[in-house]
Amino acid sequence: MGSSPDIGTLESDYVACGFDALPGWAEDDHLAAFRAFLSSCPPHAVRIARTIHGPLPFQEALALGADIRPDEARKFFETHFEPFCRQAPRVQGFVTGYYEPILLGALERSDRFNVPVYGLPSDLGPLESEVFRADNNDKVTARRRRGCELVDYYTRAEIETGALEGRGLELLYVGDWVELFFMHVQGSGRVQLDDGSWVRLSFAGKNGHPYTSIAKVLVEKNELSANEIDMARLKAWLRAAPERGRRLLQENKSYIFFRILTGVEGSGGPLGAEGVTLTPGRSLAIDPVCTPLGCPVYVAADRLLAECGRPFARLMVGQDVGSAIRGPERGDIFWGTGDAAGEFAGSTRHQATFFLLLPKR
């Protein structure tokens with residue numbers, strides 16, 4: 001099973017740098033960051049990894065509440081936290097983006113909606129924590145019983161060719177296998193059903209096979225260049241020759257299972273690995289081996305333009321994880337729901353600097 005951050009490793013790799021070292025710190029919306037941090041406070045967050053440097057100041061945040069002034073929010077962070085950056089020679093960080101896609105679908109199979117979205121199978125036996133799936137992405141982490149032996153769980157190709165049919169695992173059906181694949185990559189989605197109602201789907205588990213980036217595969221095959229590839233071009237390539245596209249998708253053996261969020265749980269937005277609703281532009285997927293879930297992280301990326309048109313420099317909160325998010329200088333920004341958020345996410349591939357805000361001792 002994956003491990004929590006190691007304080008000895010952290011203290012050898014990081015050095016305290018002060019808030020003056022954070023580009024654009026004074027201009028940030030500290031209240032927005034504080035409210036994102038507040039959502040990570042127990043009892044909201046159900047899976048808090050152990051912290052480093054000491055406990056995160058959850059009680060102090062809860063005592064202030066959400067209705068405070070921006071200057072009070074800034075004072076909270078500067079009072080209770082100390083920024084740390086990696087010591088030289090440092091590896092240049094890299095930030096990407098993700099979002100919650102919107103799909104069309106139905107609860108019953110039809111000619112139009114015939115691509116199943118599966119719930120978690122009862123015979124899936126995870127061997128590792130899903131929270132640490134990036135750390136375990138180089139091995140198979142789930143099994144199923146076949147007779148008297150345990151074997152690897154079904155691959156994407158096996159599932160797409162009927163391995164799970166007839167077991168009542170279909171949550172609903174969508175009409176576009178390309179969009180379903182990208183919902184797998186994003187880990188959540190909203191589906192507008194044919195009767196006009198809405199369903200929100202959240203990550204429930206995976207089949208345990210390593211995640212393979214199909215974009216990386218295309219670049220390695222010289223089908224697209226690394227400079228030109230983005231989500232729109234990738235979708236166009238897949239749809240241009242459907243059979244060729246399906247073969248490419250099946251090179252990614254990883255397959256995601258979902259659950260339907262009901263009531264209040266699904267009303268505000270998708271849930272991250274921490275079990276809390278993600279905040280657009282403030283929630284960050286991190287590697288929990290290096291950064292604790294719930295920890296504030298300041299991200300500065302000069303060439304990434306934020307929604308306001310200025311270079312991205314913002315205090316975020318580590319509230320999610322991802323199979324491709326590995327290492328201390330790696331993050332994935334949650335941009336929100338729908339096509340506009342998808343455009344931001346698809347074009348977010350930038351060098352970045354990461355600063356951890358750790359509790360003062």
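Tutor: The contact pairs Trp177, Val178, Glu179, Phe182 and Gln186 of helix 6 with Met231, Leu234, Lys235, Leu238 and Arg239 of helix 8, where contact means heavy atoms within 4.5 Å. By class, the residues of this contact are 6 nonpolar, 1 polar and 3 charged; Ala, Val, Leu, Ile, Met, Phe, Trp, Tyr, Cys and Pro count as nonpolar, Asp, Glu, Lys and Arg as charged, and the others, Gly among them, as polar. The model is predicted: local features need pLDDT of at least 70 and side-chain atom pairs pLDDT 80 or more, while totals for chains, interfaces and linings use all residues. Residues are numbered from 1 along each chain as its sequence is written, and side-chain values use heavy atoms, leaving out hydrogens and water.

Helices (H or I, at least four residues) and strands (E, at least two) are DSSP runs numbered from the N terminus; the protein has 10 helices and 17 strands. The axes of helix 6 (residues 177-186) and helix 8 (residues 231-240) come within 10 Å and cross at roughly 140°, with axes fitted to C-alpha atoms over the stretch in contact and angles running from 0 to 180 degrees between N-to-C directions. Helix 6 is therefore oblique to helix 8, as angles under 35 degrees count as roughly parallel, over 145 as roughly antiparallel, 65 to 115 as roughly perpendicular and the rest as oblique.

Gln186, in helix 6, is buried, with a relative accessible area of 10%; buried means under 20%, exposed over 50% and partly exposed in between, with a 1.4 Å probe and protein chains only. Leaving aside residues up to four places away in sequence, Gln186 touches Tyr98, Tyr99, Pro101 and Met231.

The buried residues of helix 9 (residues 242-249) are Gly245, Leu248 and Leu249. They cover an arc of only 95° around the axis, which puts them on the same side of helix 9; the arc is that of the directions from the helix axis to the C-beta atoms. Glu243 and Arg247 are exposed on the other side of helix 9. The cover over the buried residues of helix 9 includes helix 5 (156-160), helix 6, helix 7 (214-220) and helix 8.

The loop between helix 7 and helix 8 holds Asn222, which counts as exposed at 68% relative accessibility. Asn222 is not a glycine, yet has a positive phi of about 60°.
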